[in-house]
Amino acid sequence: GPFYAGPAGSAKIKASRAEVRLSELNGIDAAVIDMEVLRKAGVVDVFAKQAKVVLSGELKKAVVLKGIGATKGAAEAIAKAGGRIEAADAAAPAAK
C-alpha cells in the first residue's frame, strides 16, 4: 500500500532525517549525544543520517549535542539547561 516503505523507501518519506523532541533527550544516558547515541537509544531510525531537535516538552538536564541540528527554540532551551551544540567534526567549540 501507500504506507509501505521498503528498502527503496519512498520519495515522500525523508528516512534520512529525524526529528527528536526536547523531552526525549532526558531519557538518554550520555554526556554527549550524537547520531550513534540517538540510534542506540531508539530515538531515531537506524537509517537516519541527520537529526534535528525540536522544541517539544521540557529539557531537565544539560546535554551536549554533537553534529545534531536544533530549531532556534530548542537551541535556546538547551543553552538554558546548561548544555551546548557542537559541530560534528569539532573537537573544541567552533568560534565562527
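Predicted model: local features only at pLDDT ≥ 70, side-chain atom pairs only at ≥ 80, totals over all residues.
Buried here means under 20% relative accessible area and exposed means over 50%, with partly exposed in between (1.4 Å probe, protein chains only).

Residues are numbered from 1 along each chain as its sequence is written, and side-chain values use heavy atoms, with hydrogens and water left out.

Back to Val44: leaving aside residues up to four places away in sequence, Val44 touches Ala18, Val20, Met35, Leu38, Arg39 and Ala51, a contact being heavy atoms within 4.5 Å.

Now zoom out. The protein chain has two helices and six strands, running β-β-α-β-β-β-α-β from the N terminus on. Those elements are DSSP runs numbered from the N terminus: helices are H or I with at least four residues, strands E with at least two. Of the 96 residues in the chain, 28% are buried. Among contacts between residues at least 6 apart in sequence, 46% join residues at least 24 apart.

Next, helix 2 (residues 72-80), whose buried residues are Ala74, Ala77 and Ile78. Looking down the axis of helix 2, these buried residues fall within an arc of 100 degrees, so they line one face of the helix; the arc is that of the directions from the helix axis to the C-beta atoms. The general rule is handy: an α-helix has 3.6 residues a turn, so residues three or four places apart point the same way. On the face turned away from the buried side you'll find the exposed residues Lys72 and Lys80. The cover over the buried residues of helix 2 includes strand 3 (50-54), strand 4, strand 5 (69-70) and strand 6. Just after helix 2, Gly82 takes a positive phi of about 95 degrees.

Three strands form an open sheet in the order 2-4-6, with parallel pairing. Strand 2 (32-33) and strand 6 (84-86) stand at the edges with a single partner strand each, so one side of each is left without a neighbour in the sheet. Pairing takes at least two DSSP bridges between two strands; strand 4 (residues 64-66) and strand 6 are joined by three. In that pair, Val64 stands opposite Arg84 in strand 6.
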